[in-house]
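Reader: Please walk me through the labels used for this model. I want the cut-offs behind each one.

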Amino acid sequence: MSIKETPMSSRYPLNTFKRVLDLVRRRSGALPALLLAAAWLDAAPVNADSPSDLEGVWVTVLVAFDDPRWRIADLVCARTGCSVEGYAYLQSLLDDPESAQRSTKELVADMEAYQRRFNDTLLTPLARQRQEEFDPSEEASLDCKPDGDGLRHQVLAPLPLEIEQHEDKVILRYEYWNAERTVHIDQENHAEDGEPSRLGRSFGRYEGSTLVVETAQLLPAVTGIPNDKPLMLSPDARAVERYSVSEDGQSLDLTLEIIDPSNFTRPFQSYRRMLKTPDWELDTFVCESITGEY
């Protein structure tokens with residue numbers, strides 16, 4: 001499936017998201033099927049005695065949207081991922097017997113409205129001021145330069161991720177920006193030492209079968225907030241990622257938490273589900289233009 005040296009704009013055309021939405025409509029004709037498909041909370045691993053097997057290449061719905069293993073919730077949140085709260089609220093709607101009389105479109109609209117209201121209380125007054133004063137020239141990633149692009153965009157990018165596990169480290173390789181991160185496992189945490197960088201310094205540990213990654217020393221970067229306005233994170237921002245594999249080993253649940261007290265009244269959490277694809281290879285990322293569609 002490798003398509004080497006293919007520009008992003010041609011490999012993932014802008015009508016891809018429309019095709020994903022068409023797939024949502026095709027799969028959601030009956031609400032009972034929707035209820036089963038969106039039961040994302042049931043995907044948590046049950047083996048808490050040893051680390052999950054994270055090895056391999058994992059893809060998002062925008063890369064492999066025809067894969068039948070996707071749930072409706074994955075398709076709904078295909079472009080940027082949903083907040084943890086948005087997923088939970090969508091699940092509550094799907095569990096409500098009264099939802100049987102409502103269309104999928106109505107349920108999704110309710111979830112998106114809830115998510116916007118929830119995030120209205122997420123931002124501090126300072127963050128709102130920063131949004132109003134935001135200078136578009138700060139969005140350096142739009143010029144095909146990774147320097148101004150932050151960790152959140154990297155972790156939640158719609159392109160494939162390859163994970164390599166070792167006893168003392170985990171290596172995360174991204175097709176997006178051809179980036180690579182090393183997560184030091186069970187070592188003394190010096191994440192706040194050293195010079196800040198785009199992806200910071202990452203240290204990890206296993207909590208049961210879940211890999212927990214803490215990252216600090218991040219350069220200030222623009223992040224997308226679900227109120228459709230960009231925001232520059234503060235120099236003190238840090239991140240916590242959690243990677244859990246489903247019991248059958250076929251899906252990866254990724255939760256990203258951004259902690260930035262000057263901007264957020266509470267940690268800003270995002271969720272994305274990925275699927276294991278043994279025959280997939282990472283391609284070389286070639287940037288022609290990045291429009292912010294992800």
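Author: What follows takes ring pairs, a helix crossing and a strand in turn. This is a predicted model, where local features need pLDDT of at least 70, side-chain atom pairs count only at pLDDT 80 or more, and totals for chains, interfaces and linings use all residues. Residues are numbered from 1 along each chain as its sequence is written, and side-chain values use heavy atoms, with hydrogens and water left out.

Reader: Why is the pair Y114 and F118 called tilted?

Author: Rings of Phe, Tyr and Trp (its six-membered ring) pair if their centres lie within 6.5 Å; planes under 30 degrees apart are stacked, over 60 edge-to-face, the rest tilted. Y114 and F118 lie 6.1 Å apart, centre to centre, with 35° between the planes. That makes the pair tilted. The whole structure holds six aromatic pairs.

Reader: Where do Y114 and F118 sit in the chain?

Author: Both are in helix α6 (residues 104–120), four residues apart, so about one helical turn separates them. Helices (H or I, at least four residues) and strands (E, at least two) are DSSP runs, numbered from the N terminus.

Reader: What makes Y114 partly exposed?

Author: Buried means under 20% relative accessible area, exposed over 50%, partly exposed in between (1.4 Å probe, protein chains only). Y114 has 23%, so it counts as partly exposed. F118 is also at 23%, hence partly exposed.

Reader: Why are α5 and α6 called oblique?

Author: Axes are lines fitted to C-alpha atoms, for helices over the stretch in contact, with angles from 0 to 180 degrees between N-to-C directions. Under 35 degrees is roughly parallel, over 145 roughly antiparallel, 65 to 115 roughly perpendicular, the rest oblique. The axes of α5 (residues 84–95) and α6 cross at roughly 140° and come within 9 Å. The two helices are therefore oblique.

Reader: Which residues of α5 and α6 meet?

Author: Contact means heavy atoms within 4.5 Å. E85, G86, Y89, L90, L93 and L94 in α5 meet L107, D110, M111, Y114, Q115 and F118 in α6.

Reader: How do you know that strand β11 pairs with β10?

Author: Two strands pair if DSSP finds at least two bridges between them. Eight bridges join β10 (residues 238–245) to β11, and the strands run antiparallel. Eight bridges also join β11 to β12 (residues 268–276), again antiparallel. E257 in β11 stands opposite V240, and its partner in β12 is Q269.

Reader: What makes β11 mostly covered?

Author: Nine of its nine residues are buried.
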